[in-house]
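Here is a quick tour for anyone meeting this protein fold for the first time. Take a look at the model, then read on.

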Amino acid sequence: MEMTRACCNTEPAKSNYKPVGDMIHLGDLPVYVVGPADSKIGLIGALDIFGFHPNTQQFCDIVSKATNARVFLPDFFRGNPWSTVPIDPKELIPWLQEHVPDQVVTADILAGPIHHHLRAQGNL
């Protein structure tokens, strides 16, 4: 897998932004949620490998405000994001396969806690 130098050597941007949404737990899955609870639009965001930080939550806040959608940002890493910079792709790929296997993400979204929550809240 080819990665650019900037990707592998750049730490996440620092921010003092204060998110406006809430953290909830859907089973063992932490999820940042923002937007009107009665919205008929539910959007699901995805984190980068560094997990939750104010910049990713700010993005969700902006999207929610612009679209009047309820935005969900699940932590598929379940509190265990990548923490090493520079990134060694030889270490990253096995880490991703262990911490966020495709079948877990697919199950969380399509048949698991996110899907059930969206349907129960009327956002799906």
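Rings of Phe, Tyr and Trp (its six-membered ring) count as a pair if their centres lie within 6.5 Å. Keep in mind that this is a predicted model. With that rule, a search of the whole structure turns up 2 aromatic pairs, and F77, W82 and W95 form one aromatic cluster.

| Pair | Centre to centre | Angle between planes | Type |
|---|---|---|---|
| F77 and W95 | 5.2 Å | 35° | tilted |
| W82 and W95 | 5.3 Å | 75° | edge-to-face |

Each pair ties together distant parts of the chain. F77 sits in the loop between β4 and α3 (89–99), while W95 belongs to helix α3, 18 residues apart. W82 also lies in the loop between β4 and α3, 13 residues apart from W95.

β3 runs parallel to β4 (residues 70–74), with 3 bridges between them, and G42 stands opposite R70 in β4.

One last stop is Q57, in helix α2 (residues 54–67). Q57 counts as buried because its relative accessible area is 10%, and buried means under 20%. Leaving aside residues up to four places away in sequence, Q57 touches Y17, P19, M23, Y32, F52 and L73.

How values were computed. Residues numbered from 1 in each chain as written. Predicted model: local features only at pLDDT ≥ 70, side-chain atom pairs only at ≥ 80, totals over all residues. Heavy atoms only, no water. Helix = DSSP H or I, 4+ residues; strand = E, 2+ residues; numbered from the N terminus. Buried < 20%, exposed > 50% of the residue type's maximum accessible area, 1.4 Å probe, protein only. Contact = heavy atoms within 4.5 Å. Pairing = 2+ DSSP bridges. Phe/Tyr/Trp six-rings, centres within 6.5 Å; stacked < 30°, edge-to-face > 60°.
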